[in-house]
Amino acid sequence: MSEDLLHQIARCVEVGKSDAQAKYPPAMAGQPGVSELVQQALDQAVPAERILKEGLTAGMSTIGVKFRNNEVFVPEVLMAARAMHKGMAKLRAVFVDDSMPSRGTIVMGTVEGDMHDIGKNLVCMMLEGAGWKVVDLGVDCAPQKFADAVRQHPGCAVGLSALLTTTMVNMKPTIEAIQTAQPDTVVLVGGAPVTGDFARQVGASGFAPDPQGAIELLEQLLTAA
Ligand code: B12
């Protein structure tokens, strides 16, 4: 039963069906979309982690493979991203408890030239769920934007995201600008093409492959400091 619902969520992400009101894709007009199906799964007590992994992320992976194989193009992927955001907004209420005492502040952003934000938003949501105050700078953030933000939030950590091999190189100048503005800032890097070796090369404090890794690494780095 829940498998079927999770499969439907994945399918709706893949085809970009956000909610029942959405006119796209025309063949699914009037049918429930990601928003309603995620709510239905939550109402049926399907764990939010499963909805995220087997529903939302599974759908995004399918469209990712099709994108790589030139079976779909940017507009379709954008619709899928929009549907994914709708689902994440529903899950936020489960993952994030606004009454928790704050563990600290982390400034998050996607580096200059890069418009990908789904992974970064997931990391933001899970960090908030773990008690961090997240200052989200958005996408395509120049080094100066991060430098200004760390000045505004003394003692904060920073998380940089990049999804393109052509933009991950912008992490180095960004980290340099951050360390000039606030020396010894803990800077995490992540995103599909980023590795631990690359993190060391660009002078980051550490790399994590996923949100849970980011939470654990922050704990480690801040305990060690
Ligand atoms: C969605 C998507 C888009 C959407 C983005 C919409 C949005 N709002 O984000 C749109 C359509 C805009 C897009 C555009 C482009 N894209 Co694109 N896109 C993707 C796609 C299909 C999915 C990315 C995604 O969201 N994954 C799901 C999330 C959950 O995973 P994630 O981002 O990796 O994040 C996880 C981890 O990496 C980590 N993480 C992420 N950030 C951080 C940060 C920190 C601090 C930490 C600790 C962890 C962490 O945690 C996350 C959760 O587990 C990928 C293919 C793929 N399979 O990855 C291509 C892909 C990234 N895109 C690609 C390309 C080439 C492009 C374009 C250049 C295409 C074009 N010709 O225009 C443009 C570039 C636009 C730009 N300037 O940025 C290539 C990149 C190739 C490369 N190696 O450089 C990919 C790999 C597709 C491919 N195989 O060709 N894209």
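**Pocket and salt bridges in a predicted model**

Mentor: In this predicted model, domain 1 (2-95) and domain 2 (104-224) both give residues to the lining of the largest pocket, so the pocket lies between them.

Trainee: Which elements give two or more residues to the lining of the largest pocket, and which residues lie nearest its centre?

Mentor: The largest pocket, with a volume of about 1,400 Å³, is lined by 42 residues, and Met-60, His-116, Ile-118, Gly-119 and Leu-163 lie nearest its centre. The elements that give two or more residues to this lining include helix H3 (48-68), helix H4 (74-95), helix H5 (118-129) and helix H9 (211-224), and strand E1 (104-110) is also among them.

Trainee: What makes Arg-11 and Glu-14 a salt bridge?

Mentor: The rule asks for a side-chain nitrogen of Lys or Arg within 4 Å of a carboxyl oxygen of Asp or Glu; the closest N and O atoms of Arg-11 and Glu-14 are 3.2 Å apart, and the pair forms a salt bridge. Both residues lie in helix H1 (residues 2-15), where they are 3 residues apart, about one turn of the helix.

Trainee: Why is Glu-14 called buried, and why does Arg-11 count as partly exposed?

Mentor: Buried means under 20% relative accessible area and exposed means over 50%, with partly exposed in between. Glu-14 has a relative accessible area of 13%, so Glu-14 is buried, whereas Arg-11, at 43% relative accessibility, counts as partly exposed.

Trainee: Which parts of the chain does the salt bridge between Lys-86 and Asp-19 link?

Mentor: Lys-86 forms a salt bridge with Asp-19, the closest N and O atoms being 3.2 Å apart. The pair links distant parts of the chain, since Lys-86 is in helix H4 and Asp-19 in the loop between H1 and helix H2 (34-43), 67 residues apart. At 35% relative accessibility Lys-86 counts as partly exposed, while Asp-19, at 12%, counts as buried.

Trainee: How do you know that Glu-128 and Arg-92 tie together separate parts of the sequence?

Mentor: The closest N and O atoms of Glu-128 and Arg-92 are 2.6 Å apart, and the two form a salt bridge. Glu-128 lies in helix H5 and Arg-92 in helix H4, so the pair ties together parts that are 36 residues apart in sequence. Arg-92 has a relative accessible area of 32%, so Arg-92 is partly exposed. Salt bridges that share partners also join Glu-3, Arg-50 and Glu-54 into one network, and the count of salt bridges comes to 11.

Key: Residues are numbered from 1 along each chain as its sequence is written. This is a predicted model: local features need pLDDT of at least 70, side-chain atom pairs count only at pLDDT 80 or more; totals for chains, interfaces and linings use all residues. Side-chain values use heavy atoms; hydrogens and water are left out. On a 1 Å grid over the protein atoms alone, a cavity is a set of points where a 1.4 Å probe fits but cannot get out, and a pocket is an open set with protein on both sides within 12 Å along at least five of seven lines; lining residues have an atom within 4 Å of a point. Grid points are joined across faces, edges and corners, and a volume is the space filled by probe spheres set on the points. Helices (H or I, at least four residues) and strands (E, at least two) are DSSP runs, numbered from the N terminus. Domain bounds come from an automatic or database domain assignment. Buried means under 20% relative accessible area, exposed over 50%, partly exposed in between (1.4 Å probe, protein chains only).
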